[in-house]
Amino acid sequence: MSDAKKLYIKTYGCQMNVYDSERMAEAMGGAGYVQTDTPDDADMILLNTCHIREKAAEKVYSELGRFRGLKAEKPDLKIGVAGCVAQAEGEEIMRRQPLVDLVVGPQSYHRLPAMEAKARQGEKPLDIDFPDEDKFETLKNRPKARRAPAAFLTVQEGCDKFCAFCVVPYTRGAEVSRPADRVLSEARDLVERGVREITLLGQNVNAYHGAGDVGNWSLARLIWALNDIDGLERIRFTTSHPNDMSDDLIAAHGDCAKLMPYLHLPVQSGSDRILKRMNRSHTAESYLKLIERIRAARPDILISGDFIVGFPEETEEDFQATMDLIRAVNYGQAFSFKYSTRPGTPAAERAQVDDAKASDRLRRLQALITEQQRAVQDSMVGRDVSVLFEKPGRFEGQMVGKSEYLHAVHVANAGVQVGDIARVRIVESGTNSLAGEML
Ligand code: 5AD
Ligand code: SF4
């Protein structure tokens, strides 16, 4: 063990990057690396980056600058940039930051060990291809170590929707679904290693259409197949597009016991004029109708969303339409962003909204969302929920986990193990979590 090299990975952005970072660590495990949680003793540093907003992309360059001292002390240290900034700005990264030894795009992670070897020879490999082979399947030497009870599993990547603000169709490419049998065998493997909850991931996960032995698979069919795996207790999926919420998927929310009552369904805006300019191909009304149908199938479902304020040409009236939609839905959770101009996307060419105005709208929208989130969380007090315990809490005997609604719940003197699922009565609603008592 002592001669193992150390790999430090820092992950930015979405859950798909978290999953990819795990796969990169596994790939490098095959090349003799073990993971470390500090860059200070690392032999290799990997930044798994996000390109979705300008700020996220800029962070990479400031982070890289911070490794200058380390690299001076340790000339053998290799620094790599992975993820969507690598895909979008690979050559520029190499030019702008000579500290970088290798650049690897999101579809080439299985090639990392070979790239690392090249970097050790003094080359500066750059691979931002979209290769034919499946990056998940060619990863060998996966360690069979025990896993935390909740895991991510990427089933679909890329996007064909081309929302006018979004870089994803360019950085992650066209929509691709992994074959159903591979997803299911990976799920079984996860369960054997202690996983009890799987969150299926995809940029447009509900557009999943993986090939299988018998016909094509929808996300709903995949969920039902996962439902049959003994030992797997909970299923979630994210992120979904309103237009791909098919009837079978809505029905599964009512009928499939292992599918958790939580749905992240971004709408972005409540103004039809802006939705059209965003190329979203749904209206505020069609979204509200859809929410109604989902709630008819599963009345207690917690709805989550994404919002962009200050999209080009957005007026106060458009913004008020978004506020109205939020009031109509009543979100239990939401993520909201000030529009960020992304070069190469259609919206970048349009009349931009004054920054101060956009900031003010974001502040007002977040105040409303926070109010709704609080009310939904507070309404849990007195209710009984099921909690999957994920780790010990800060205090002796305390355990923390997630309810079926994805609320963090902590329980004093819980007397349970990590990975246990138990019924809990909620007794208090705090700032970011609920307090419960074992039933
Ligand atoms: N500016 C601001 N927010 C954006 N998102 C995507 N692109 C942009 C952008 N250019 C947000 C959307 C999406 C979430 C992942 O990020 O709300 O749903
Ligand atoms: Fe981006 Fe729209 Fe695709 Fe989501 S659906 S990844 S926001 S282009």
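A polar contact is a pair of N or O atoms within 3.5 Å. This term applies to the predicted model described here, in which a nitrogen atom of ligand 1 is 2.8 Å from a polar backbone atom of S340.

An N or O atom in the side chain of R53 is 3.0 Å from an oxygen atom of the ligand. For D306, a side-chain N or O atom is 2.6 Å from an oxygen atom of ligand 1. On its own, ligand 1 has 410 Å² of accessible area, and the protein covers 87% of this. The residues around ligand 1 are I52, R53, F165, Q268, D306, I308, F337, K338, Y339, S340 and R342.

The protein is assigned four domains. Domain 1 spans 5-127 and domain 2 spans 144-260. Domain 3 covers 290-379, and domain 4 covers 384-438. Residues I52 and R53, listed around ligand 1, fall within the bounds of domain 1. D306 and S340, also listed there, fall within domain 3.

Domain 1 and domain 3 also touch each other. Their centres, taken over C-alpha atoms, are separated by 33 Å. Five residues of domain 1 contact four residues of domain 3. The size of an interface is often given as the accessible area lost when the parts come together. Between domain 1 and domain 3, about 400 Å² is buried, with 45% of it on carbon and sulfur atoms. On the domain 1 side, H51, R53 and E54 lose the most area to domain 3. Together these residues account for 87% of what that side buries.

Three residue pairs are in polar contact between domain 1 and domain 3. The count of salt bridges between these domains is zero. By class, the side of domain 1 that touches domain 3 has two nonpolar, one polar and two charged residues.

A second ligand is also present in the model. Ligand 2 is surrounded by C159, K161, F162, C163, F165, C166, V168, P169, N204, H241 and R280. This shell divides into seven nonpolar, two polar and two charged residues. F165 is listed around ligand 2 and also around ligand 1.

Methods. Residues are numbered from 1 along each chain as its sequence is written. Chains are lettered from A and ligands numbered from 1 in the order in which they are written. This is a predicted model: local features need pLDDT of at least 70, side-chain atom pairs count only at pLDDT 80 or more; totals for chains, interfaces and linings use all residues. Side-chain values use heavy atoms; hydrogens and water are left out. Domain bounds come from an automatic or database domain assignment. Contact means heavy atoms within 4.5 Å. Buried area is the accessible area (1.4 Å probe) that two parts lose on being put together, summed over both. A salt bridge is a side-chain nitrogen of Lys or Arg within 4 Å of a carboxyl oxygen of Asp or Glu. A polar contact is a pair of N or O atoms within 3.5 Å; within protein, one must be able to donate a hydrogen and the other to accept it, and residues adjacent in sequence count only if both atoms are side-chain atoms. Ala, Val, Leu, Ile, Met, Phe, Trp, Tyr, Cys and Pro count as nonpolar, Asp, Glu, Lys and Arg as charged, and the others, Gly among them, as polar. A residue is near a molecule or strand if one of its heavy atoms lies within 4 Å of it. Accessible areas come from the Shrake-Rupley method with a 1.4 Å probe; for residues, only the protein chains shown count as cover.
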